Amino acid sequence: MALINKKLFERNDARRVFTMVHEVVGHGILHGKFLRENARKYPKLHTTEEGIKQSTWKHFNTFEWQANTFAASFIAPAGYVLALYW
């Protein structure tokens, strides 16, 4: 189950698309089968907003890093981003 803060939609927050892709596709599809099979080993994957502010990229667990990378690549593929600067 993905929990998404409804304030992202109430405030028309620009991160809403990233968050949806991160949670639904990144965790739900990319990690879904593995997490369902190993639910007892990984009962809690989320980090708090405060924890994210105090961390650096290297401190995120593998699940979060993979979901973040997938969402960023999905929303802004490197080829398109690089084309904007050429």
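1. V17 is located in helix α2. The model under discussion is a predicted one.

2. V17 belongs to a nonpolar patch on the surface, which it forms with L30, F70, F74 and I75. Together these residues have about 470 Å² of accessible area. Two helices, α2 (16-30) and α5 (62-75), each supply at least two residues of the patch. The most is given by α5, with three residues.

3. Helix α2 also has a buried side. Its buried residues are F18, T19, V21, H22, G26 and H27. These buried residues pack against α1 (7-10), α3 (32-37) and α5.

4. The course of α2 deserves a remark. At H22 the helix bends by about 25 degrees, and H22 is itself among the buried residues of α2.

5. As to the whole protein chain, the secondary structure consists of six helices and zero strands, and the pattern along the sequence is α-α-α-α-α-α. The chain has 86 residues, of which 20% count as buried. Among contacts with a separation of 6 or more, 52% are accounted for by residues 24 or more positions apart.

6. Finally, the accessible surface of the protein chain amounts to about 7,200 Å². Carbon and sulfur atoms hold 61% of that surface.

Notes: Residues numbered from 1 in each chain as written. Predicted model: local features only at pLDDT ≥ 70, side-chain atom pairs only at ≥ 80, totals over all residues. Heavy atoms only, no water. Patch = residues over 30% accessible without salt bridge, like charges linked within 9 Å, V, L, I, M, F, W, Y side chains within 5 Å. Areas by Shrake-Rupley, 256 points an atom, 1.4 Å probe, with all protein chains shown as cover. Salt bridge = Lys/Arg side-chain N within 4 Å of Asp/Glu carboxyl O. Helix = DSSP H or I, 4+ residues; strand = E, 2+ residues; numbered from the N terminus. Bend = angle between axes of the 7 residues up to and from the residue. Buried < 20%, exposed > 50% of the residue type's maximum accessible area, 1.4 Å probe, protein only. Contact = heavy atoms within 4.5 Å.
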